[in-house]
Amino acid sequence: SFDVVSEKELRTKPDIIGFSVFSPNYMFYKCAAEAIRKKSKIPILVGGVLPTLKPELFMENTCCDYVFRGEAEPVIMELVEKISTGKYHDMPNLAYRGEGGRIVYNEMKSLVDDLDEIPFYDKSFYSNDSDILFMLTSRGCVLSCSYCSAGEYSRITVKPGSGVVRKRKVDCVIEEIKQALQRKPYKEIFFYDDFFITTTQWLSEFTERYSKEIGLPYSCEVFPATVTRDIASLLAKSGCKAVFMGFQTANDAYKKK
């Protein structure tokens, strides 16, 4: 019941309500936002993959007041403060309704250049009954598959002329895992990067450090063309128990069409 959901959220007396939206939860967001709007005028902010790719879908068809496109970490504190005071018009990456209801799209400037500078996420913030620790070692994808949002999102987000894939240092990844394991005894790890395998050099260093200092079985997502015999050997040596790869069709003509 969206009435129950909205009442529960409004009881916390928030200044702003934020939604992270991607295709599978779009209708949940839309219905929840409508239920909230019937009871309150609290500003509704949306972000995530789908709002970045289709901001007009949200501004024209849903109850949101603002759409943030791309990566918000560098500006999220300032963004929340400025929305609360109504002085948000100069915020990068933001879309909002201007005079006469015209949608204004601010320039895309907010981006995390160095992923190692982001503080480790508090993984206890959301309840997780799983024994699996979910981790990211990179952001971005160099591909442009028509059935996937990752490549398009990456190209919209990054600065023109810069690398599409940004990779964290091995030392930073290992340290985050260690801190997470101090809080909960996870039994395995899943790296859900869009492009986990970037270079043999990174994977070689990761293999040596991970096998010695972590040692838990893990899984990852890979693109088939990046898996050479040497890469497969490193994955096995490091403790990788499974790789997930998309296989759409073996027919070249069908792929091109």
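1. Contact, as used in this note, means heavy atoms within 4.5 Å. The model is a predicted one. Among contacts in the protein with a separation of 6 or more, 66% are accounted for by residues 24 or more positions apart.

2. Overall make-up. The protein has 10 helices and 11 strands. Its C-alpha trace spans about 60 × 50 × 35 Å along the principal axes. The protein has 257 residues, and 39% of them count as buried. Its accessible surface is about 15200 Å², with 53% of that belonging to carbon and sulfur atoms.

3. Side chains of opposite charge can pair when their charged atoms come close. The whole structure contains 18 salt bridges by search. One of them joins Arg139 to Glu73, with 2.6 Å between the closest N and O atoms. This pair links distant parts of the chain: Arg139 belongs to strand 7 (residues 138-139), while Glu73 is in the loop between strand 3 (66-68) and helix 5 (76-85), and the two are 66 residues apart. Arg139 counts as buried because its relative accessibility is 18%, under the 20% cut-off. Glu73 has a relative accessible area of 31% and is partly exposed.

4. Lys187 and Asp131 meet through their side chains in a salt bridge of 3.8 Å, N to O. Here too the pair links distant parts of the chain, 56 residues apart: Lys187 is in the loop between helix 7 (170-183) and strand 9 (188-191), and Asp131 is in the loop between strand 5 (103-105) and strand 6 (132-135). Lys187 counts as exposed at 55% relative accessibility, whereas Asp131, at 35%, counts as partly exposed. Lys109 and Glu107 form a salt bridge with an N to O distance of 3.9 Å. Lys109 is exposed, with 54% relative accessible area, and Glu107 counts as exposed at 54% relative accessibility.

5. Helix 5. Which residues of helix 5 are buried? Leu79, Lys82 and Ile83 are buried there. These residues lie on the same side of helix 5, because the arc they cover around the axis is only 100°. The buried residues of helix 5 pack against strand 2 (44-47), strand 3 and strand 4 (94-97). Met77, Glu81 and Thr85, on the other side of helix 5, are exposed. Gly86 follows helix 5 and has a positive phi, near 80°. A reader checking this helix in the viewer can set Leu79, Lys82 and Ile83, which are buried, against Met77, Glu81 and Thr85, which are exposed.

6. Cysteines. How many disulfides does a search of the whole structure find? The search finds 0. For Cys31, the closest cysteine sulfur is in Cys63, at 9.9 Å from its own sulfur, and this is too far for a bond, because a disulfide needs the two sulfur atoms within 2.5 Å. Cys145 is likewise in no disulfide, the nearest cysteine sulfur being that of Cys148, 6.2 Å away. Cys31 counts as partly exposed at 25% relative accessibility, and Cys145 counts as partly exposed at 28%.

7. Tyr186. This residue is in the loop between helix 7 and strand 9. Is Tyr186 buried or exposed? Tyr186 is buried, with a relative accessible area of 8%. Leaving aside neighbours within four places in sequence, Tyr186 is in contact with several residues, including Lys123, Asn128, Asp131, Leu133, Ala180 and Leu216. Asp131, one of these contacts, is also the salt-bridge partner of Lys187. Tyr186 and Val164 are 22 residues apart in sequence, and their C-alpha atoms are 31 Å apart in space.

8. Surface patch. Phe2, Val5 and Phe28 form a nonpolar patch on the surface, and together they have about 230 Å² of accessible area. Phe2 is placed in helix 1 (residues 2-10). Phe2 is partly exposed, at 30% relative accessible area.

Key:
Residues numbered from 1 in each chain as written. Predicted model: local features only at pLDDT ≥ 70, side-chain atom pairs only at ≥ 80, totals over all residues. Heavy atoms only, no water. Salt bridge = Lys/Arg side-chain N within 4 Å of Asp/Glu carboxyl O. Helix = DSSP H or I, 4+ residues; strand = E, 2+ residues; numbered from the N terminus. Buried < 20%, exposed > 50% of the residue type's maximum accessible area, 1.4 Å probe, protein only. Patch = residues over 30% accessible without salt bridge, like charges linked within 9 Å, V, L, I, M, F, W, Y side chains within 5 Å. Areas by Shrake-Rupley, 256 points an atom, 1.4 Å probe, with all protein chains shown as cover. Arc of directions from axis to C-beta.
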